[in-house]
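I opened my notebook for a friendly look around this structure. Here is what I looked up, entry by entry.

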Amino acid sequence: HSHLLLSPHLPFFAFAVPSAGYLLLLDPTRPQAPSWCRLPLPLPLPAGHQAAFSPAAASAGLLAFLSDASGHKTLLLANPITRLLAALPLAPTARLSPTVGLAAGPTSFIAVVAGDDLVSPFAVKNISADTFVADAASVPPSGFWAPSSVLPRLCSLDPRAGMAFASGRFYCMSSSPFAVLVFDVATNVWSKVQP
């Protein structure tokens with residue numbers, strides 16, 4: 001359960017440069033004397049040094065990187081301050097370029113990987129989402145992929161837009177048709193809010 005030991009506590013802005021192998025961090029708690037830090041990016045590099053993981057989400061100082069290859073995705077969580085890196089178990093659903101959400105607290109985190117389900121080697125559909133839940137406060141500490149949830153019909157997620165988390169719910173945009181998708185973590189149910 002190394003992913004529960006990452007302990008994010010410090011706020012910062014991170015700019016990942018995976019191809020160069022480093023992160024640029026800005027400490028927002030010192031506005032009168034902003035300082036940039038350049039930290040090595042603790043991601044494994046494949047042969048040929050092409051990026052195998054891309055930045056996907058961040059929460060409370062914890063960064064999530066998603067594998068670039070299509071199929072069952074690997075989600076790596078990194079704390080750039082402590083330089084700890086942990087891989088979650090493979091996501092249960094094969095995907096191409098899903099949208100990722102992350103919500104981290106002092107002893108737990110939730111990661112959501114949604115949309116772009118690979119229905120064949122040549123086709124994708126926005127059908128489902130997989131949710132990983134980890135809690136270090138439980139006895140014993142736990143981390144597991146919850147049952148998949150069904151996305152609302154006729155939604156088009158944009159992985160570049162990401163997700164926001166507030167009050168136990170993840171929010172993301174659907175571009176065609178335009179709507180806000182809402183995922184309630186407690187009920188494992190998605191809904192659509194249209195203008």
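**Notes on contacts, cysteines and cores**

I began with the contacts of serine 128, skipping residues up to four places away in sequence: this residue touches Thr93, Arg95, Ala114, Gly115, Asp117, Ser149, Val150 and Leu151. I remind myself that the model is predicted. Serine 128 sits in strand 14, which spans residues 128-135. Is serine 128 buried or exposed? I find it buried, with a relative accessible area of 10%.

Next I turned to the cysteines. How many disulfides does a search of the whole structure find? The search returns 0. For cysteine 155, the closest cysteine sulfur is that of cysteine 172, 7.7 Å away and therefore too far for a bond. My cut-off for a disulfide is sulfur atoms within 2.5 Å. Both residues are tucked in: cysteine 155 is buried at 9% relative accessible area, and cysteine 172 is buried at 3%.

Then I looked at the nonpolar cores. The largest has 17 residues, and Leu75, Leu77, Leu88, Leu102, Phe109 and Phe132 touch the most other members. Strands 5 (62-67), 7 (75-79), 10 (99-104), 11 (108-114) and 14 each give two or more residues to this core. A second, separate core of 14 residues includes Ala114, Cys155, Phe170 and Cys172.

Last, I listed what leucine 102 contacts, leaving aside neighbours within four places in sequence. Its partners are Ala57, Ala58, Ser59, Leu62, Ala64, Leu77, Phe109, Ile110, Ala111 and Phe170. I noted that Phe170 belongs to the second core, whereas leucine 102 is in the largest one.

Definitions and conventions
Residues are numbered from 1 along each chain as its sequence is written. This is a predicted model: local features need pLDDT of at least 70, side-chain atom pairs count only at pLDDT 80 or more; totals for chains, interfaces and linings use all residues. Side-chain values use heavy atoms; hydrogens and water are left out. Helices (H or I, at least four residues) and strands (E, at least two) are DSSP runs, numbered from the N terminus. Buried means under 20% relative accessible area, exposed over 50%, partly exposed in between (1.4 Å probe, protein chains only). Contact means heavy atoms within 4.5 Å. A nonpolar core is a set of buried Ala, Val, Leu, Ile, Met, Phe, Trp, Tyr and Cys residues joined through side-chain atoms within 4.5 Å.
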